[in-house]
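Please read the points with the model open.

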Amino acid sequence: MDLSTPYLGLKLVSPLAVGASPLADDIHMARQIQDAGAGAIVMRSLFEEQIYLDEISRAPQPQLVATDGFHERAMFPALADYQLNPDQYLRQIEQLKAALNIPVIASLNGCRPGGWIDYASRFEAAGADAIELNLYHFSTDPGSSSLDVEAEMLETVRLVKSSVHIPVAVKLQPFYTSPAHFVQKLGRAGADGIVVFNRFYQADIDIADQEPETRLRLSDPAELLLRLRWLAILSPRTRCSLALTGGVHDGSDVIKGILAGAHVVQLVSVLLRHGPRFLSTLTESLRKWMVERGYEAISDFRGSMNLDRCSDAAAFERGSYQRILQNWRV
Ligand SMILES: Cc1cc2nc3c(=O)[nH]c(=O)nc-3n(C[C@H](O)[C@H](O)[C@H](O)COP(=O)(O)O)c2cc1C
């Protein structure tokens, strides 16, 4: 049976990969993940603001550092609270590369053109096989239109792409007015892959202290459906590789992701809950399902449930929406 899958021009031994997270912080853990059958591993992100803070902290004359308009330092974690500083990050790429045979994907997190983009070529020099560029962004300025926001993101992608020879995947949020159109533009800007989708890590309100409360909650399977929809819509319409991230918790979720069109299914919460070896359990479920249906390769069924044969995906979505509402009986 052939579980190999193309992703960003690389050939992965399996469509199951580890998503950006602390799981790549520890070399021993990363080896366990590889031994459990992962096709690739994505490192946690190095952040645009973290890079500026780091540069300011090292400069003999901090006021002269070009920080591209980044002035909001009080709202960000202290430099020491980032778990890998930029130098440690580059060393971690080297160490992961020395320890693993599977591709190591480094993650750069920012959405505005600026000096931080230099780290893309440093990632490449340290040995990263690809870059995942996370465009996590929250647009709150009524004066800036969706086109303005997207233009900055597209320019960021162009700059990252033009500074490296390795492939670049772009990790997106779901909240665009026309995601399919934006993905098309990302492809033209040079993106080799699209990672569907960032979760929003929103602050809650602590009503006792009347303070914002920031706490990470792991994902749950309900988050999968939004990703499946968009994979099914994007898969026939883009030449970019597609990765699913968010809400994959068992073998059937993995299969659904591939049926919808994912080349790669990324796992984080499920491995943080059950440990890295759980990846082999998920791989076994995938194999068993393939054997039962006589599939010999991932390509035999990848994308078979995408909306390629659907003449009007928007009508299909509105139709499902109405069918689901009408099915409820009191
Ligand atoms: C502890 C933790 C740290 C994470 N760090 C990053 C990060 O640095 N960069 C990033 O793009 N995503 C990060 N993520 C998001 C994951 O890559 C993933 O997109 C998200 O957890 C949804 O996938 P899941 O349902 O498999 O957990 C993190 C997630 C967790 C749980």
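1. The model is a predicted one. In it, P86, L90, I93 and E94 of helix 3 meet Y119, R122, F123 and A126 of helix 4. Sorted by class, this contact holds 6 nonpolar and 2 charged residues, with no polar ones.

2. Geometry of that pair. Two packed helices are described by the angle between their axes and by the distance between those axes. Helix 3 covers residues 86–99, and its axis comes within 8 Å of that of helix 4, the two crossing at roughly 35 degrees. The crossing of helix 3 and helix 4 is right-handed.

3. Where do the strands go? Strands 3-4-5-6-7-8-11-12 form a closed barrel of 8 strands, with parallel pairing. On average, and ignoring direction, neighbouring strands of this sheet are turned by 25 degrees against each other.

4. One strand pair in detail. Strands of a sheet pair through backbone hydrogen bonds, in either a parallel or an antiparallel arrangement. Strand 5 (residues 104–109) and strand 6 (residues 130–134) take the parallel sense, over 5 bridges.

5. Helix 4 (residues 118–126) lies across strand 4, strand 5 and strand 6, and runs at about 165 degrees to strand 5.

6. The ligand. Which residues come nearest to the ligand? Of the 23 residues around it, they are A20, S45, S219, V268 and S269. The elements giving two or more residues to this shell are strand 3 (16–21), strand 4, strand 5 and helix 9 (269–274). By class, the shell around the ligand has 9 nonpolar, 11 polar and 3 charged residues.

7. The chain as a whole. The chain has 11 helices and 12 strands. Along its principal axes, the C-alpha trace spans about 65 × 45 × 45 Å. A compact globule of 330 residues would have a radius of gyration near 20 Å, and the chain has 20 Å, so the two agree.

Conventions
Residues numbered from 1 in each chain as written. Predicted model: local features only at pLDDT ≥ 70, side-chain atom pairs only at ≥ 80, totals over all residues. Pairing = 2+ DSSP bridges. Helix = DSSP H or I, 4+ residues; strand = E, 2+ residues; numbered from the N terminus. Axes fitted to C-alpha atoms, helices over the stretch in contact; angles between N-to-C directions. Contact = placed C-beta atoms within 7 Å. Left-handed = near helix turned anticlockwise from the far one by under 90°. Nonpolar A, V, L, I, M, F, W, Y, C, P; charged D, E, K, R; others polar. Near = placed C-beta within 6 Å. Rg over C-alpha atoms; globule rule 2.2 N^0.38 Å.
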